[in-house]
Amino acid sequence: MRYWRFLVPFGVAAAWAVAGLAAATPGFGPIQHYVHSRWVAADGAPQRVITIRQAGNGFLWLGTADGVYRFDGAQFEDIVTSRPGEDLASSVRSLLVRRNGEVWAGLAEFGGVVRIQDGHMVQTNLPDPPIQVTGLTEDLDGVVWAATARVDAPLHRFEGGRWRALDASWGLGPGWVFDMLVTRDGALWIVTDDRVLMLPRGATRFRELGLTPDAGGGLAEDPSGRVWLADRTGVRRLTDPRRPRDEIREPFVAIQGIRRARIAFDREGSLWGATGGKGVFKISEPARDATVSRFSENDGLTTNGAQDLIIDREGTTWIAGAGLDSFVATGLSRAEEIPSAPGGYRLAEDGAGRIYIGFDDALYIIRPGSKPVLLRQGPFNAMCKAQGGGVWISDGDRFHRVADGRYGRSTPVGDQTVGCAEDAAGRLWRVTTDRELAVYEGGAWRVIDQSRFGSADRPWGLVPMRNGVPVVILDHRSLAFVDGANVRVVSNGDVGVGRYFSSVEDGPDGLYVSGTTGLARLRGDRIDRLQIKDHPWLADIVSMSWGRDGNLIMLTRAGLVTLSAREMTRAFDNPEARIDHLLQSGAALDGRQRVQNGPQAAIGGDGRFWFLGAAGVMTIRAQGLVKNDVRVPVVIRNIVANDVIYPAAATVTLPAGSRNLVIGYSALSLRMPKLVRFRYRLEGVDTEWVEAGVRREAIYTNLSPGRHAFQVIAANDDGVWNDVGDRLVIVIPPTFTQSGLFYALCVLAAVLGVWMLFNVRMRSQARRLRASMNVRLAERERIARELHDTLLQGVQGLILRLQLLTEDLPRRSLLKPRFERALDEADEIVGEARDRVRDIRATRPDGHLDMALTRLVEDWTDDRLIPVSFEVTGTPRPLPADVCDEVLQIVREAVYNASRHAAPSLVKLSLSYRLMTVVVAVEDDGPGMAPEVLKSGVEGHFGLQGMRERARLISAKLVLGNVASGGLRITLTLFGLDWRVGLGNRRARSSGSPK
């Protein structure tokens with residue numbers, strides 16, 4: 001029960017059955033107990049609907065004065081509004097959906113019978129078409145029958161691809177056919193302006209029933225297979241001429257205002273009828289105690305001139321008129337006998353199945369199996385269950401004990417009361433409007449000291465427990481159990497379901513407390529809990545009601561929940577386990593109702609569930625709400641790309657470059673279309689199902705080319721999912737800029753671009769290197785001149801002077817051989833120095849490194865005793881002259897050092913031209929080099945240091961290492977050289993004039 005003013009926008013407008021409730025009673029009561037919906041021109045509906053049929057896929061087909069429409073519960077679709085080649089719309093008088101899915105239409109204006117195909121009307125070539133075709137039907141053998149407005153030829157049959165008029169041998173005779181019916185056994189029944197006839201399956205002659213009907217007749221078959229007739233006199237059941245005549249008189253129900261009847265039976269056996277002039281009617285149990293209810297424009301019907309009606313496969317009744325009307329049986333209805341109460345209602349159940357409803361102006365009692373009955377006028381501000389049966393009711397002046405509607409003893413009050421309870425000792429407790437707790441004992445009211453509650457929280461309401469202990473609600477944050485002189489307070493922290501209590505209910509196995517985080521059960525000192533995170537449907541409980549059959553019904557934020565009380569008890573022993581329950585997530589009824597403190601719902605002795613809802617006092621029939629078990633058909637309607645609509649098909653190919661799509665889909669659950677929920681996914685884009693809710697389109701942007709499979713599924717208003725749904729494949733061809741060829745060209749262009757940038761970079765580096773080399777060469781030539789003109793000339797002069805002195809020595813002098821050897825060594829040193837000077841001033845090679853190294857090896861071999869081998873691999877290509885010069889200096893230094901310091905028997909020189917590198921290696925078979933020398937060289941010697949400096953100058957890599965078999969290997973690797981510079985230089989030299 002709620003203990004504060006709560007806005008309850010709750011109502012149920014969908015379908016499921018509450019298991020285990022009382023035995024079903026036929027029908028759902030008067031039409032006013034159904035959920036009525038209407039669609040008019042402002043909602044997109046055609047203005048005048050004449051006939052309705054439902055296709056196998058769930059679509060409603062509407063024949064109108066303007067053509068043929070299709071309706072999916074949310075959108076009216078104009079299928080065809082004119083005949084080919086004609087400007088005026090064709091008025092449709094009858095429709096037929098054949099078992100093969102074809103839709104046929106009977107037209108006015110001498111239009112004949114057409115087949116609807118691809119949005120066009122295709123003639124079936126009815127000969128000599130009448131002014132209108134008033135009816136179409138198909139028998140079990142696939143023969144189509146057409147009723148026309150021609151008295152001399154009222155009936156035609158379509159068989160073998162052609163129409164045939166019935167001749168006299170069929171026994172039909174002239175007349176006007178008002179309606180046709182094919183029964184489940186295959187017989188064809190017709191009603192004319194003066195006869196009722198029946199054609200058994202396979203027969204070729206009609207049988208008359210010997211009944212003369214009034215005009216405007218309509219036919220329907222009831223659940224037992226009996227045929228009923230409605231005409232301007234009323235509704236009657238017909239005697240089947242194939243059965244023995246019953247001595248019992250066939251039932252008849254008089255109905256006023258029928259001009260032209262259309263009738264149908266619903267699942268519950270109730271007969272619905274459209275009158276053509278006085279709205280619609282419904283007869284509950286027409287074969288027994290018939291109860292007639294009517295619905296007209298005054299009740300909200302689009303027009304009193306209802307033309308046609310059908311019962312669809314979900315049990316919804318559809319009416320054709322000035323628009324479209326529907327009536328849905330939910331098992332929920334409003335207690336029309338109890339007026340609305342702006343100040344809110346109070347509710348109590350007396351323990352014997354009688355329910356009391358009170359408000360500011362009146363008090364009603366609802367006995368099992370009866371309607372609400374006014375008990376007394378006057379204001380009523382509080383009521384609660386009395387011990388031993390009955391209820392306590394406060395009218396502001398006194399508390400009255402009421403048992404089965406009879407007033408008993410009373411107790412003075414003196415002021416307003418917001419809550420009450422009676423304890424096991426028969427004492428009456430109440431909470432005043434000043435939020436004080438008082439008990440009536442000793443003939444007077446005694447106010448309970450607030451300090452006994454141990455907190456500043458004020459009393460807000462009372463809950464009488466089955467054991468007679470009143471429970472005081474303290475500001476919805478704590479509970480006080482008042483057992484005689486003992487008061488036990490339990491805080492929200494102890495209960496453990498959140499800071500705020502939403503409801504407190506006394507159950508058969510403990511006190512139930514609902515909060516913001518879950519539901520708790522208090523039994524003595526033990527508290528068990530269920531968490532909302534594990535059971536979301538427990539959120540925001542409004543009421544909990546236990547029935548005599550062992551069921552528990554709850555009103556929650558999620559909707560209406562039913563389960564067995566035993567299942568709830570078991571759940572507290574295993575809180576995380578799944579709880580078997582039924583949940584109805586219904587739509588709210590229009591309006592909001594302020595609800596007073598106290599119980600919000602109760603189950604009567606007849607199993608009916610009563611609750612205080614948005615529109616007033618609501619009731620659910622004993623057998624529960626209607627369950628919609630029909631799995632909703634799902635259809636993908638179309639795809640919109642670049643503002644062009646493409647009809648749905650198994651595979652839809654869109655124009656190349658389509659990136660943004662809108663996919664329209666629908667679900668053919670017409671019962672409560674606004675409650676149908678969807679999920680969809682596009683393979684390759686959505687990793688999980690997209691929860692679309694009630695939205696009926698999927699929007700995608702920036703899609704890539706390729707094949708995309710789209711699937712959509714839906715659940716009806718009762719949560720029954722169609723897990724297959726509908727599926728299509730969307731093919732988006734690539735544009736040239738999205739094709740593989742384009743991407744390949746882009747890659748090629750990128751590679752070429754990188755290559756060009758690389759070449760530009762290398763040319764820049766080559767120019768910088770040449771400039772640096774020119775400076776160095778100029779400096780080298782200056783140094784060579786200085787060496788030649790100063791040092792070498794001076795040394796040569798000293799050698800000549802020493803030569804003269806040596807010659808002056810006596811021939812037998814011991815010093816003379818020593819001087820001669822010294823002079824020889826000096827000549828050798830001068831020779832080497834001249835070689836160095838010559839090397840410094842040497843002309844640059846022309847860029848052909850292989851040829852330059854070949855000359856170097858030949859010169860070395862001629863002058864030295866140590867042989868040098870030379871090997872070239874790969875295809876030679878020119879190098880920049882500056883780079884070639886530095887390489888020659890490094891190789892010369894390497895060979896010189898090897899011959900001078902390693903005493904090798906052979907020096908191997910190799911040149912390898914690779915894709916992006918050039919590798920030069922010098923290897924000897926000498927003793928190798930110490931590791932510390934390899935790392936930092938020998939102090940005072942600059943050979944290795946010079947080679948490293950030259951390598952860095954040309955951005956090359958120089959590696960020195962000992963060979964495992966003995967000897968030293970020096971490897972020089974040149975990276976990313978601008979070979980074309982060399983090629984350009986070579987071409988320039990080869991094309992120039994010889995000098």
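Visitor: Is arginine 570 buried, exposed or partly exposed?
Guide: Arginine 570 has a relative accessible area of 33% in this predicted model, where local features need pLDDT of at least 70, side-chain atom pairs count only at pLDDT 80 or more, and totals for chains, interfaces and linings use all residues. Residues are numbered from 1 along each chain as its sequence is written, and side-chain values use heavy atoms, leaving out hydrogens and water. Buried means under 20% relative accessible area, exposed over 50%, and partly exposed in between (1.4 Å probe, protein chains only). At 33%, arginine 570 is therefore partly exposed.

Visitor: Which residue meets arginine 570 in a salt bridge?
Guide: A salt bridge needs a side-chain nitrogen of Lys or Arg within 4 Å of a carboxyl oxygen of Asp or Glu. Here the N to O distance is 2.5 Å, and the two residues are three apart in helix α2 (residues 565-573), so about one helical turn separates them. Arginine 570 meets glutamate 567.

Visitor: How many salt bridges are there by this rule?
Guide: Some of them form a network that links Arg70, Asp72, Glu77, Arg637 and Arg696. By this rule, the count is 44.

Visitor: Which residue is the bridge partner of glutamate 422 in β40?
Guide: Helices (H or I, at least four residues) and strands (E, at least two) are DSSP runs numbered from the N terminus, and two strands pair if DSSP finds at least two bridges between them. Strand β39 (residues 417-422) pairs with β40 (residues 428-432) in the antiparallel sense over five bridges. Five residues lie between these strands in their hairpin, and glycine 426 in the turn has a positive phi of about 85°. In β40, glutamate 422 has as its bridge partner leucine 428.

Visitor: Which residue in β41 stands opposite leucine 428?
Guide: Strand β41 (residues 437-441) runs antiparallel to β40, joined by four bridges. Their hairpin has four residues between the strands, including arginine 435, with a positive phi of about 60°. Both faces of β40 are covered, with Leu428, Arg430 and Thr432 buried on one side and Trp429 and Val431 buried on the other. Opposite leucine 428 stands tyrosine 440.

Visitor: Which residue of β33 is the bridge partner of tyrosine 356?
Guide: β32 (residues 355-358) is joined by four bridges to the antiparallel strand β33 (residues 362-366). Three residues lie between the two strands in their hairpin. Tyr356 and Gly358 point one way from β32, Ile355 and Ile357 the other, and all are buried. In β33, the bridge partner of tyrosine 356 is isoleucine 365.

Visitor: Which helix supplies the largest share of the negative patch?
Guide: Such a patch joins like charges within 9 Å, or nonpolar side chains (Val, Leu, Ile, Met, Phe, Trp, Tyr) within 5 Å, using residues with over 30% relative accessible area and no salt bridge. The negative one is formed by Glu807, Asp808, Glu820, Asp824, Glu825, Asp827 and Glu828. α3 (740-808) and α4 (815-840) each supply at least two of its residues. The largest share, five residues, comes from α4.

Note on methods. Areas by Shrake-Rupley, 256 points an atom, 1.4 Å probe, with all protein chains shown as cover. Lys, Arg positive; Asp, Glu negative; His and termini not counted. Charge placed at Lys NZ, Arg CZ, Asp CG, Glu CD.
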